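This report covers the fold and two of its elements. The structure is shown first.

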Amino acid sequence: MAVGGAGTQRRGTALVFAAALRAADHGRLQPWRFALVRENALAALGEAYAEVALTMGQDVAPERARAKALASPMVIAVAARLDGQSKIPEHEQLLSAGAAAMNMLNALHMMGYGGFWKSPPGGPEGPLRSLMGFGRTERIVAMIHVGTAKGESRDPTRADPSGFVSECQGAEAHVL
Ligand SMILES: Cc1cc2nc3c(=O)[nH]c(=O)nc-3n(C[C@H](O)[C@H](O)[C@H](O)COP(=O)(O)O)c2cc1C
């Protein structure tokens, strides 16, 4: 989904974060951090996207990468704050931050806004991390571009779930 146009109002933004903080969270670690990018900061984000496209040999023209950051009025960077000392495995902490990101997208869509989950250009621990103000134990899991949905969304037909679901037989399956 492409997004552009108007972003959420203050109340909408509060609801998006309320939804994020309701994500499943093993051990109540709250292993997520968010950075809002709006107004003038979007230009800096655009420069960072363009710089990554230029220096990391990405298959994207720098001006296209820059335009991507400027197309929506707000971007929310979501990071997982990983606690390596916790008994909760790091992959569960990462999943929890991912669940927060998905809750945010669902909240945005329910309010009628558009939201798009983009990977952080340069990777989770790349140059965007410090630009967003995240620290060394934090990994960016999503750059959520927020705005109004532009154009038609893709064909909503979904695959048959039966291709992805099996039933446990109560004994070990023979994996082919
Ligand atoms: C972890 C994650 C990273 C993603 N990164 C990108 C991305 O960088 N670029 C992209 O085009 N889609 C990316 N996507 C997919 C889109 O957010 C979106 O799900 C996909 O285009 C399908 O659109 P729909 O969910 O509206 O059907 C990512 C999805 C996930 C879960």
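Helices (H or I, at least four residues) and strands (E, at least two) are DSSP runs, numbered from the N terminus. On that basis the elements of the protein chain follow the order β-α-β-α-α-β-α-β-α-β from the N terminus. This is a predicted model, in which local features need pLDDT of at least 70, side-chain atom pairs count only at pLDDT 80 or more, and totals for chains, interfaces and linings use all residues. Residues are numbered from 1 along each chain as its sequence is written.

Of the 176 residues in the protein chain, 33% are buried (20 or more other C-beta atoms within 10 Å of the residue's own, with C-beta atoms placed from the backbone).

Strand 5 (residues 138-150) is largely enclosed by the rest of the structure, because 10 of its 13 residues are buried. Its pairings are listed below; two strands pair if DSSP finds at least two bridges between them.

| Strand | Bridges to strand 5 | Direction |
|---|---|---|
| Strand 3 (residues 74-81) | Eight bridges | antiparallel |
| Strand 4 (residues 114-118) | Five bridges | antiparallel |

Met 74 has Val 146 of strand 5 as its bridge partner, and Phe 116 is opposite His 145 in strand 5.

Helix 2 (residues 41-55) has 15 residues and should span 21 Å at 1.5 Å a residue, which agrees with the 21 Å between its end C-alpha atoms; the expected span is 1.5 Å times one less than the number of residues. Its buried residues include Leu 45, Tyr 49 and Val 52. Just after helix 2, Gly 57 adopts a positive phi of about 60°.

Key
Buried ≥ 20, exposed ≤ 12 C-beta atoms within 10 Å, placed from the backbone.
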